[in-house]
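These are my notebook entries on a set of look-ups in one structure. I record what I looked up and what I found.

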There are 4 protein chains.
Amino acid sequence: MEIGVIGLGRMGANMTRRWQRKGHRCVVYDLHREAVEALSREGAVGAASLEDLAGKLGKPRALWLMVPAGAVDSMLGELTPYLEPGDIVIDGGNSYYHDDIRRAGELKSRGLHYVDVGTSGGVWGLECGYCLMIGGEKAVVERLDPLFEALAPGAEAAERLPGREKKPGTAEKGYLHCGPHGAGHLVKMVHNGIEYGIMASYVEGLNILHHANAGKLGREIDSETTPLREPAHYQYDIDLADVAEVWRRGSVIRSWLLDLVAKAMLEDPKLERFAGRVSDSGEGRWTVQAAVDLGVPAPVISSALYARFSSRQHEEFANKLLSAMRYEFGGHLEKKAEEGPGAS
Amino acid sequence: MEIGVIGLGRMGANMTRRWQRKGHRCVVYDLHREAVEALSREGAVGAASLEDLAGKLGKPRALWLMVPAGAVDSMLGELTPYLEPGDIVIDGGNSYYHDDIRRAGELKSRGLHYVDVGTSGGVWGLECGYCLMIGGEKAVVERLDPLFEALAPGAEAAERLPGREKKPGTAEKGYLHCGPHGAGHLVKMVHNGIEYGIMASYVEGLNILHHANAGKLGREIDSETTPLREPAHYQYDIDLADVAEVWRRGSVIRSWLLDLVAKAMLEDPKLERFAGRVSDSGEGRWTVQAAVDLGVPAPVISSALYARFSSRQHEEFANKLLSAMRYEFGGHLEKKAEEGPGAS
Amino acid sequence: MEIGVIGLGRMGANMTRRWQRKGHRCVVYDLHREAVEALSREGAVGAASLEDLAGKLGKPRALWLMVPAGAVDSMLGELTPYLEPGDIVIDGGNSYYHDDIRRAGELKSRGLHYVDVGTSGGVWGLECGYCLMIGGEKAVVERLDPLFEALAPGAEAAERLPGREKKPGTAEKGYLHCGPHGAGHLVKMVHNGIEYGIMASYVEGLNILHHANAGKLGREIDSETTPLREPAHYQYDIDLADVAEVWRRGSVIRSWLLDLVAKAMLEDPKLERFAGRVSDSGEGRWTVQAAVDLGVPAPVISSALYARFSSRQHEEFANKLLSAMRYEFGGHLEKKAEEGPGAS
Amino acid sequence: MEIGVIGLGRMGANMTRRWQRKGHRCVVYDLHREAVEALSREGAVGAASLEDLAGKLGKPRALWLMVPAGAVDSMLGELTPYLEPGDIVIDGGNSYYHDDIRRAGELKSRGLHYVDVGTSGGVWGLECGYCLMIGGEKAVVERLDPLFEALAPGAEAAERLPGREKKPGTAEKGYLHCGPHGAGHLVKMVHNGIEYGIMASYVEGLNILHHANAGKLGREIDSETTPLREPAHYQYDIDLADVAEVWRRGSVIRSWLLDLVAKAMLEDPKLERFAGRVSDSGEGRWTVQAAVDLGVPAPVISSALYARFSSRQHEEFANKLLSAMRYEFGGHLEKKAEEGPGAS
């Protein structure tokens, strides 16, 4: 089959490579000419402009956008003049699904089809395949099936569940038509919200173990802090790289993210390459806002999101005001920076 | 009545002053001789040692300890040799109520009585009176009634509730025998847990208003951060000192802590005197641990407590590990420190 | 001054009464004719229709809407045909401030002014005054000043803060022009978010004390539940009505909401009139969504909101799925309903 | 090697079977004679009493206790009279690690060794192996190595990490000596805390998707509830069994627990076998309490724990009090049970 790819960053380039390996013809475009040239050397057809891209694709066209979510609308504005009724635009990036619903309507009025695809797999997708969550019209999604199948990990990527044979479909192959416009990015959004929660679960737990030697540290007694009541309970120097490793086998919490934890701790046990400022990229926020819209509790995902905000000190004003209140009612002055949490 | 006071810090000294104003005889002791001398000049009887203190009190003695929680046990060890059966030791500090239960048993074996008193009021107590939460044997607590009444704010400190006349007792006067040994510090512990939650509620809300101008700040578009979708919604420069002030009158959230917020914001609108490292002094932690023991949810108080831990960067390792995981699965490198939360 | 009032529910009727007491002329309208008649008997001018209302007001008109947030837009659609350039429409209800921004723009195109007023005070406002948070154009807000002053509690409702005389303005009187369109409902929104957090703080703490007798209840030992390690720590029967009462005087957590807690516990110590299904009415949700938009942590307010969702069993599916997972990995069957939390 | 096994429930029986398959001699005892007989038929040596068990084991003995945590101390009291210096007692259950520290000291005074082993794997352990987290004296743990190796899943259970060859040890085989007495159950405790967080992450996310059709449900407008602002955003009927299935391949959140989610949703898409009362068995609670002891934030794990408490309605009193407060300040009466969350 044939696909036009717009946006050849890390993700777009690797998806193109995976399609080419499976024999699909890829016509590629990126603002950075070098990115186009690099993939051309690997067999893709390079395009010098959006117009050129449209011209090099057979009709009806299928175009896969892999650009930052904030750039999709302007890209659609530039692209659509070169498209014709029946063409399909696929947004494979991290768009907010609300935008999908709006865009699908806008494109429909010009006879164009829109498909939203949430993609998980990151830098590992080229090798392992991408998990694809797809939203759009049924017939259109089915027309693109070979492209999805080529990107996805395939059924062999996980053991078959007993009884699954009674429920056929593509889910077992690693891609799924989740519903109408927006459903793909909605499911991907929630996927990422869950991801935030799982990641936070591991780091909270390991942070506790990291501090399990607090009883060895001295503590002063004053009226502002509470001493560790049982220092004997916190005398452990735990090797976290080994703990992550042992959990990878047979434990209830084994997972791909745990594999990454084990890998990261093995490579850099003190994590000295990182300062601890954790970005968040939209889906976590939208997941929380959807939960609030729907009136369903999401305390775990919210806590995970807020921990990322806190890692960037976005509550500095709030903390200062807490200190100011404590000063007002108790004459408490702030303590100087401590050596470690044991001292709080 | 007569009371021996051990520990003449901020709290102990002011309580002594309040008793003296109400005509009670105070014999006072502190490791710092100047503290004793200062109160002696205000009419208290100074003691040079614990033995001297015990000697200057009529029997059965009543001794009020106002020392850091971590110092109570050693103080009891030094003090009890000078005491006699029937004497009463009152711990007016911030002890963990588990310790009260233990200490009451230990002292009982020597014929001594123990009373635990949780005290709220801080630096304002001298003027407004102290709210007292009391645990211990009924007869012993009743014997000390004049001392409690003298410290407490009195019924006039709040408007009488309709129907309250049918439920007599001291609660309306600002002191309460809450139950057996430990009950006073238990109720005070939970009081402080609630205090953490209320304080956090105000600062979270005001922090949101503090950032309500985020839409005026520029935002770059990249694949790591999500742009503010509706900058027009965040174009407000809110005067928080005025907001706190207006809420003091007629609003549902008026409170004494809000008075302090308004005062702090009025004095120092940018809170430049504070760095935002917020201490916690035991009761918040114990409240959470009690909730967990009992299997009752306490997400608000827990969140307030954790925000204090975070203000002291106790999750630094966890944040670094989050960054490491993001690097492993997505090749995400940490972003440099941002100018403000709008940019995340 | 003169004001037209649309919506004579609990809030609208009492605000009318308060204006009338201060000598303002009120022309009133409501879909329910009896509500109009009732206020007419108290001296208001009744209107039979929106057209009638508009005809009975001098120009430029000031109209105060006190209708459910979901009904404001349709009401504006019906009302504006009867209005003329220079007229002012005030939304005193609980609108989302996003809507204020939009409506102000829509009305401006017809020469009409819009003012948003967040109002706190509930059923107590008639007697104590309403705390008013106001958004809109400066000149328009100033024109309405007598109406705001009449509704507000006045400076005497709280003690003056030291130094406040240097910062003049209306905040001390209980009403505040917070900023441009939307600012009033924004500040009210956050006010309610804080309110959720404070309310949750009290009930969490008191719930812990409510269960402080868990050690008296028997516990069985099996592999599914953990026994209470120290039953001796939970042997207390705490009188919560008395605890709330004692906290009202001198404690750090005294507040108007605590007064209500004390009142509620006094009237109905077992709270038998309530089943525990707690509504939420928009502002709490919007506060959390604003925090998420802005990237600032709001764990306490979020937790308080989610507790309300949970009180209405909105996580039932989630809980069932948790049970299903436990069954899958451990063969754990669900336990039957317990007698009390001590048994978990 | 030889091992005595006490406690032949689900876990103890399967561990015995796994040892026997690897050629170890198992002498087994349980209060229920049938359990002993069943394993005897599979080749184990049955014991009629603890004395009989001790007599049938060569010296120095190794005894593996697999009994409920609450029964370990009494079991040790009954067992130790039959033991001799040099014997090893292993607690393979879910003991609190504080108890391990105490017990190790008590047994040491009698010349006995104590080893604590946290075990993960549940009903799947027989087939897949058990992940073992071990605490105790180095030499003693090493002596037991063949028993641990036999239980553990083995290196082949997960792909080797690049660079792991430079860090030898048993972690790769699925068992780990984590540190001195208590370290095994400490690491297992945190493992379970993480497990709570991960499980909650999945169910929160899936619960959001479960409600993604809320926009199709009707909503009434009143002043107590907020309408769904954009019903068009919530028109999705998501097949959660398929979503869980697709995430199993290539997604960032693939895990063993996700496999179980997919299995559970496939077997019983409406989860009709479950009421949603979720037990918690100690480790989650202790993890939170350790975090609080150490002053490190654990909001995600805490939220997950509290969600379980809430699933058992342990905050009923708190919710009633919230309703009572709302009634006091706003005259809000409780709404009747709703049809669904969309209506809140």
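The entries below cover conventions, interfaces, sheets and backbone details.

**Conventions.** I worked with a predicted model, in which local features need pLDDT of at least 70 and side-chain atom pairs count only at pLDDT 80 or more, while totals for chains, interfaces and linings use all residues. Residues are numbered from 1 along each chain as its sequence is written, chains are lettered from A and ligands numbered from 1 in the order in which they are written, and side-chain values use heavy atoms, with hydrogens and water left out.

**Entry 1: chain A against chain B.** I looked up the contacts (heavy atoms within 4.5 Å). I found 81 residues of chain A touching 81 residues of chain B. The size of an interface is often given as the accessible area lost when the parts come together. I took buried area as the accessible area (1.4 Å probe) that two parts lose on being put together, summed over both. For chains A and B this comes to about 7,200 Å², with 62% from carbon and sulfur atoms. On the chain A side, Phe317(A), Glu328(A) and Phe329(A) lose the most area to chain B, together 11% of what that side buries.

I then counted salt bridges (a side-chain nitrogen of Lys or Arg within 4 Å of a carboxyl oxygen of Asp or Glu). There are four between chain A and chain B. One of them pairs Glu328(A) with Lys263(B) at 2.7 Å, N to O. For polar contacts I used N or O atoms within 3.5 Å, where within protein one must be able to donate a hydrogen and the other to accept it, and residues adjacent in sequence count only if both atoms are side-chain atoms. Eight residue pairs, both at pLDDT 80 or more, meet that rule across this interface.

Helices (H or I, at least four residues) and strands (E, at least two) are DSSP runs, numbered from the N terminus. The elements of chain A that give two or more residues to the side touching chain B include helix H5 (97–108), helix H9 (183–210) and helix H14 (316–330). H14(A) gives the largest share, 14 residues. By class, the chain A side divides into 34 nonpolar, 25 polar and 22 charged residues. Here Ala, Val, Leu, Ile, Met, Phe, Trp, Tyr, Cys and Pro count as nonpolar, Asp, Glu, Lys and Arg as charged, and the others, Gly among them, as polar.

**Entry 2: salt bridges over all chains.** A search of the whole structure returned 128 salt bridges. I looked up Lys263(A), whose side chain meets that of Glu328(B) at 2.7 Å, N to O. Lys263(A) lies in helix H11 of chain A and Glu328(B) in helix H14 (residues 316–330) of chain B, so the pair joins two chains.

**Entry 3: chain D against chain A.** I found 95 residues of chain D in contact with 94 residues of chain A. The buried area is about 8,100 Å², of which carbon and sulfur atoms give 69%. The rule finds eight salt bridges here. Asp242(A) and Lys167(D) form a salt bridge, with their closest N and O atoms 3.6 Å apart. On the chain D side, H9(D) gives the largest share, 18 residues. That side divides into 55 nonpolar, 23 polar and 17 charged residues.

**Entry 4: sheets.** I took two strands as paired if DSSP finds at least two bridges between them. In chain C, eight strands form an open, mixed sheet in the order S3-S2-S1-S4-S5-S6-S7-S8. Strand S3 (45–46) and strand S8 (175–179) of chain C stand at the edges with a single partner strand each, so one side of each is left without a neighbour in the sheet. Strand S4 (62–65) and strand S5 (88–91) of chain C run parallel and are joined by four bridges. Leu65(C) has Asp91(C) in S5(C) as its bridge partner.

Val27(B) has Val45(B) as its bridge partner in S3(B).

**Entry 5: backbone.** Most residues other than glycine have a negative phi, and most peptide bonds are trans. I found a cis peptide bond joining Lys59(A) and Pro60(A), with omega about -10°. Pro60(A) lies in the loop between helix H3 (50–55) and strand S4 (62–65) of chain A. The peptide bond from Lys59(C) to Pro60(C) is cis, with omega near -10°. Gln313(A), a residue other than glycine, has a positive phi near 60°, and Gln313(A) lies in the loop between H13 and H14 of chain A.
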